[in-house]
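Biologist: Please put the model on the screen, and then we can go through its pocket and its sheet.

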Amino acid sequence: MSLTRTKPAYKILLQVQQKSVKAFSMAQPPPPVRLGIVGCGNVLGAYLALIERLRHQGLADVVALCGREHRRAAAKAAWPSARFLTDYSHLLSRPEVDAVLILTPMPEHASMAKAALEAGKHVLVEKPMAVDLVDARELISLAREGKRHLVCAPFTILSPTFQTIARRLRRGDIGRVVSARGRYGWAGPDWADWFYKPGGGALFDLGVYNLTTLTGWLGPVRRVTAMTGVAIPQRSIGGRPARAEADDNSQVLLDFGDCCFGVITTGFTIQQSRGPGLELFGTEGTFYMLGDDWDPDGYELWQNRANCWQTFKETQPDWPWTDGLRHLVECIRNQSQPLLDPEHAYHVLEVMLQSQAAGRDGQTREIRSTFRPLVFAEPEATIEAHRVHDRTRAE
């Protein structure tokens, strides 16, 4: 007779159930990222469509908002289940908040991002990340030490058109780039005067886009000089006169090294404009990004060997300039590193600050910071453009 003892049937069944539960839990997608938003004004309106899409997909939801009391009704109408707070520290103390979106005036960005990182939150901060380099460096250190994501606007490097041009530049499709131009401006805001006060200005609000895009394509800037000033000293804010104290008109000259130069025209001084927002001139051809880098409309390419202009249709016409939020949510859920490097945002901030300094004294400034070059993988196969008849349903 065998002396081997067998396990009771109920124990075998229990083990099978435990393994099944573990396998089921491992297969479950991570829960939605819980967002806290500070700043319920004009910029939040631009994020609404993306936030609603993320909520509908089960990827993220808004659990708390912080703003002035007169914003309460509109915020509660948009997110009835979210808590509305007027004290930012109360938002940061809530354990259910995973990530904080900072959509406040520019001079408040650094202090609010610092508080959020110290509270253990992931952070998305609108541009610029700070208005001085000491604060910006502290934010990067806090994010690194706390192992939290710090995602800084603008998000132009996430657009499919930007990435397509970046890959083609890397392949040498127009040879070596030797000259570049960016232009972005408009007549200027009329809803808040802080845009025209110290800590504001056209470079921080507008030029930051072209600087992020050109450095994303061409790498770090080595030297910068600029002409900056206040071209329209009297503004109207809410129907009342306001004096402009921050630069509203800038021409920035960039040296990328190896005799590659760029120029950025930006300001609250451009009533209307036509033509490509960015241009890249290489030894064997030219790239024109059509539209603006935050709202691209495809691109045009000249190659000497083809001896003609080629026009490429925008592959994602509804790409939103708020896309950094989607990217942050994906990185939190997938436990992956963002493509958006805060060191890149720091470099752009240094270039802007040194441009302002050069505009005051006319001297060329060396740029000390740098960042890792951007490398983009080849995209997955997509439906050919002529086979898409309803882009609103295209995935």
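**Pocket and sheet**

Modeller: This is a predicted model. Its second largest pocket has a volume of about 970 Å³.

Biologist: Which residues are the closest to the centre of the second largest pocket?

Modeller: The lining of this pocket is made up of 36 residues. Those closest to the centre are N42, V43, L103, W191 and W194.

Biologist: Which helices each supply at least two residues of that lining, and how do the lining residues divide into nonpolar, polar and charged?

Modeller: The helices that each give at least two residues are α2 (42-56), α5 (109-118) and α8 (202-218). By class, the lining holds 21 nonpolar, eight polar and seven charged residues.

Biologist: Which strands stand at the edges of the six-stranded open sheet?

Modeller: The strand order is β3-β2-β1-β4-β5-β6, with parallel pairing. Each edge strand has a single partner, so one of its sides is left without a neighbour in the sheet. The edge strands are β3 (83-85) and β6 (150-152).

Biologist: What is the bridge partner of V125 in β6?

Modeller: Strand β5 (residues 122-125) runs parallel to β6, and three bridges join them. In β6, V125 has as its bridge partner C152.

Biologist: What angle does the direction of α2 make with that of β2?

Modeller: Helix α2 packs on the sheet, where it touches β1 (33-38), β2 (60-66), β4 (99-102) and β5. Between the directions of α2 and β2 the angle is about 145°.

Technical notes: Residues numbered from 1 in each chain as written. Predicted model: local features only at pLDDT ≥ 70, side-chain atom pairs only at ≥ 80, totals over all residues. Heavy atoms only, no water. 1 Å grid on protein atoms, 1.4 Å probe; cavity = no way out; pocket = protein on both sides within 12 Å on 5 of 7 lines; lining within 4 Å. Points joined across faces, edges and corners; volume = space filled by probe spheres on them. Helix = DSSP H or I, 4+ residues; strand = E, 2+ residues; numbered from the N terminus. Nonpolar A, V, L, I, M, F, W, Y, C, P; charged D, E, K, R; others polar. Pairing = 2+ DSSP bridges. Contact = heavy atoms within 4.5 Å. Axes fitted to C-alpha atoms, helices over the stretch in contact; angles between N-to-C directions.
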